[in-house]
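The report below goes through one protein model, from its overall fold to its packing, its ring contacts and its backbone. Please keep the sequence and the coordinates at hand while reading.

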Amino acid sequence: VCANKRMPAQPFTRQHAVAVGDSWNMRHPLTGGGMTVALKDVCSLWQHLRGVDLTNTAAVQAAMQKHTQSRTEHASTINVLANALHGVFTNPAAAKGAAGASDAGDGTRARLREACMRYLSLGGAYTAGPVGLLAGLTAKPWVLVAHFFAVALYAVKHAILPYPTFKSMQQAYDLLRVACIIIMPLLTAEKATVLSWFPVQWAIHALFPWKGVELNTV
């Protein structure tokens, strides 16, 4: 079940020691992201420590600060991706009919999972984009957000076709709200993309309430 927590990267500092990958911060193991982040960290360290006098503490600290800033992009992308996929591909723990359990019986998460698989099967950029994110080749949080909501909108399209009804429009709204409940706390914790900005957070919350909602209840 892999019930480890979502943990945004926090700098780990110890004199004469460097942490990479999961030793710096752990992400959900669903995507094998710990090794990916570790390898990306090694590349970043090499780039920033190359030519630095390792006996010069001030120079090493300056290089490590640059490394910390540069690793944020790939680490946050893989952190959010792993936890978001875990959110999509797990079933809610809430009992049927429980208060606030919007997916207790209407299958919203199941529709998101189906849309995800259909989206990946489209080929082209629809497959290459997510694969690049999984492999750490596209370490761009905004690319992840674009594909995540593209999947949600793909699910919405299939929910309202061939023609919209009141029930299908409610399903469409639930799909977007559950998508926000899954990814918005992750983006906020990682401070990734403009969606983590406070005004944007509240604008999205006003449309699709996600703050304070436990993931296992939707």
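Which residue lies over the face of tryptophan 202? Lysine 211 does, at 4.8 Å from the ring centre. The model in which this arrangement is found is a predicted one, and the sections that follow place it beside the other features of the chain.

## Overall architecture

The chain contains seven helices and zero strands, so that its pattern, read along the sequence, is α-α-α-α-α-α-α. Of its 218 residues, 41% count as buried. Among the contacts with a separation of 6 or more, 64% are accounted for by residues 24 or more positions apart.

In soluble globular proteins, nonpolar side chains tend to be buried together. Here the largest nonpolar core has 39 residues, and those with the most contacts inside it are Leu112, Phe148, Phe149, Ile182, Met184 and Leu187. Two or more residues of this core are given by each of α2 (57-88), α3 (108-120), α5 (141-160) and α6 (166-190), and the largest share, twelve residues, comes from α6.

Leaving aside residues up to four places away in sequence, isoleucine 182 touches Ala84, Gly87, Val88, Arg109, Leu112, Phe148 and Leu215. Two of these partners, Leu112 and Phe148, are also listed with the residues that have the most contacts inside the core.

## Helix α1 and its cover

Helix α1, which runs over residues 33-49, has 17 residues and reaches 24 Å from its first C-alpha to its last, close to the 24 Å expected at 1.5 Å a residue. Its buried residues are Gly33, Gly34, Thr36, Val37, Ala38, Asp41, Ser44 and Leu45, and what covers them includes α2 and α4 (125-134). An α-helix has 3.6 residues a turn, so residues three or four places apart point the same way. Among the buried residues of α1, Val37, Asp41 and Leu45 can be read with that spacing in mind.

Just after α1, glycine 51 takes a positive phi of about 85°. In this part of the chain there is also a charge over a ring: arginine 50 lies over the face of tryptophan 46, at 4.4 Å from the ring centre.

## Aromatic pairs

The structure holds five aromatic pairs. In one of them, the rings of tyrosine 119 and tyrosine 126 have their centres 5.4 Å apart and their planes at 80°, and because planes over 60 degrees apart count as edge-to-face, this pair is assigned to that class. Tyrosine 119 is buried, with a relative accessible area of 6%, whereas tyrosine 126, at 42%, is partly exposed.

The rings of phenylalanine 148 and phenylalanine 149 likewise form an edge-to-face pair, with their centres 5.6 Å apart and their planes at 85°; both of these residues are buried. Ring pairs also link Tyr119, Tyr126 and Tyr154 into a cluster.

## Cysteines

How many disulfides does a search of the whole structure find? The search finds zero. Cysteine 43 has a relative accessible area of 45% and is therefore partly exposed, while cysteine 116, with a relative accessible area of 12%, is buried.

## Backbone features in the loops

The peptide bond from leucine 161 to proline 162 is cis, with omega near 5°, and proline 162 lies in the loop between α5 and α6.

The loop between α6 and α7 (198-207) holds lysine 191, and threonine 193 has its place in the loop between α6 and α7 as well. Lysine 191 has a phi near 55°, a positive value in a residue other than glycine, and threonine 193 has a positive phi of about 65° although it is not a glycine. As for their accessibility, lysine 191 counts as exposed because its relative accessibility is 68%, where the cut-off for exposed is over 50%. Threonine 193, with a relative accessible area of 21%, is partly exposed, since buried would require a value under 20%.

Methods. Residues are numbered from 1 along each chain as its sequence is written. This is a predicted model: local features need pLDDT of at least 70, side-chain atom pairs count only at pLDDT 80 or more; totals for chains, interfaces and linings use all residues. Side-chain values use heavy atoms; hydrogens and water are left out. A nonpolar core is a set of buried Ala, Val, Leu, Ile, Met, Phe, Trp, Tyr and Cys residues joined through side-chain atoms within 4.5 Å. Buried means under 20% relative accessible area, exposed over 50%, partly exposed in between (1.4 Å probe, protein chains only). Helices (H or I, at least four residues) and strands (E, at least two) are DSSP runs, numbered from the N terminus. Contact means heavy atoms within 4.5 Å. A disulfide is a pair of cysteine sulfur atoms within 2.5 Å. Rings of Phe, Tyr and Trp (its six-membered ring) pair if their centres lie within 6.5 Å; planes under 30 degrees apart count as stacked, over 60 as edge-to-face and the rest as tilted. A charge sits over a ring if NZ of Lys or CZ of Arg is within 6 Å of the ring centre and within 35 degrees of the ring normal. The expected span of a helix is 1.5 Å times one less than its number of residues.
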